[in-house]
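Keep the structure open as you read.

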Amino acid sequence: MLSRAVFLSANFLKGSAPLGAGLVHAPRSLHTSSQSLAPVPPLPEKPGKVRHGFVPEEFFQLLYPKTGVTGPYMFGTGLIIYLLSKEIYVINQETLAGISIGAIIIYAVKKFGPSVAAFADQLNEEKVAKVQEVKDLAMTNLAQAIENEKKEQWRVEGRSMLFDAKRNNVAMLLETNYRERQHMVTNEVKRRLDYQIALQHLNRRLEQEHMINWVEKSVISSITPQQEKESIAKCITDLKALAKSTQAKAVI
Amino acid sequence: MMLNLFDQFMSPTLLGIPLMLLALSLPWVLYPKPLKRWLNNRTLTIQSWFINNFIKQIFLPMNTEGHKWAMLLTSLLIFLITLNLLGLLPYTFTPTTQLSLNMAFATPIWLTTVILGMRKQPTHSLGHLLPEGTPTLLIPILVVIETISLFIRPLALGVRLTANLTAGHLLIQLIASGAYFLFPLMPAVALLTSTLLFLLTLLEVAVAMIQAYVFVLLLSLYLQENI
């Protein structure tokens, strides 16, 4: 136990002043060696093992080869008996007071020790958990970002197909438009040509009719009155003859 | 016997060399210094947690000016608690049983609070000398009484701590002597006395912690009045 006090105070001295490194036996002398301050060696997780609350386990291991398991206990008993018998330690009322305060201390440590240790551990755990939460959140966010990126990359692959389809679409539209316009042009041209044909037909017809009228007129005008009388007389005789033949046919 | 009983309160010397400094510096080696680490071992965690909680509790009702006193009052508390508790072990010397030490703690700090109060807000500080709602006839008498109570504060602080601890230690010695000397004569009575001693020691542990806390709490209250 006292060795622990020495170590604790040694650590304290080491950290407190520049003299500290020189005063205390420090195997890691940081300011003279080439080692840097980081990475810092980890703190021991559990305190050193002790038996009966204050005797370090190393003491028992030290004496084990020579005296076995009961060696340290014999040593302790012998020491106590020596102190008592030689009256180096005198039993008086302070002993009684010491016994009562010792009993209180032992009871308190045994009863509340584990819960206090658990409380300290819980404080540390909470600290770590808070930061771990931040780290986990950051990690999930990054994983999500990776997923999103992969999806974007996949989308990019498909984009060329999309562009081809769009290109085809546009080409088809253009083609359709072109054809439409061509069709329109053809129709217009045909209309104009039809018009010309109709015009020619009309012209020809007009000419024909005119010619016929002219021929008729000239024929009619060429018929002299003599001819007309002769033709009428002929027609009358023809008619009489016809009438006679018809009458004769009817009587028969 | 009578001489022995009060020997425990004599300042320790070794061959004429006063050991008071050694006794006073004992608490210093018992508390680990906070390391530059983020996660500490259990001792440091509990120590930091305790100090943080104490500071929060004492300084919450105080305005920001008073927060400058946090280190002084917290270190005073830790010091007094450690001295008191260590004194309960057998054969130890408790420096806080010396009136000189306790007065040396109480008077300067109390005087600081008074002077600060008088400097910063004299009317407010003087106003503390007269409680609210006193009938007009009583005012002169009450002012005198309040002034006396103001000046008796350091004495009260010092003597309270000294008296409590001295009385406790004396009682422990007395009852332990009683049990020890009765043991060969009347073992049963000695057993009863031992039980009494056990309970008294429990009480003394509580008193040790409470008295230190009360000392610091009262100083913080005086600070609150005046800051």
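A polar contact is a pair of N or O atoms within 3.5 Å; within protein, one must be able to donate a hydrogen and the other to accept it, and residues adjacent in sequence count only if both atoms are side-chain atoms. Between chain A and chain B, nine residue pairs are in polar contact, both residues at pLDDT 80 or more. This is a predicted model: local features need pLDDT of at least 70, side-chain atom pairs count only at pLDDT 80 or more, and totals for chains, interfaces and linings use all residues. Residues are numbered from 1 along each chain as its sequence is written, and side-chain values use heavy atoms, without hydrogens and water.

**Interface of chain A and chain B**
- Contact (heavy atoms within 4.5 Å) links 33 residues of chain A with 28 residues of chain B.
- The two chains bury about 2,900 Å² between them, 70% of it on carbon and sulfur atoms; this buried area is the accessible area (1.4 Å probe) lost on being put together, summed over both.
- The rule finds one salt bridge across the interface, a side-chain nitrogen of Lys or Arg within 4 Å of a carboxyl oxygen of Asp or Glu.
- Arg42(B) forms a salt bridge with Asp121(A), with the closest N and O atoms 2.8 Å apart.

**Helix packing in chain A**
- The axes (lines fitted to C-alpha atoms, for helices over the stretch in contact) of α3 (residues 57-67) and α4 (residues 71-85) of chain A come within 8 Å and cross at roughly 105°.
- That makes α3(A) roughly perpendicular to α4(A), a class covering 65 to 115 degrees on a scale from 0 to 180 degrees between N-to-C directions.
- Phe59(A), Phe60(A), Leu63(A) and Thr67(A) of α3(A) meet Gly71(A), Pro72(A), Tyr73(A) and Phe75(A) of α4(A).

Technical notes. Chains are lettered from A and ligands numbered from 1 in the order in which they are written. Helices (H or I, at least four residues) and strands (E, at least two) are DSSP runs, numbered from the N terminus. Angles under 35 degrees count as roughly parallel, over 145 as roughly antiparallel, 65 to 115 as roughly perpendicular and the rest as oblique.
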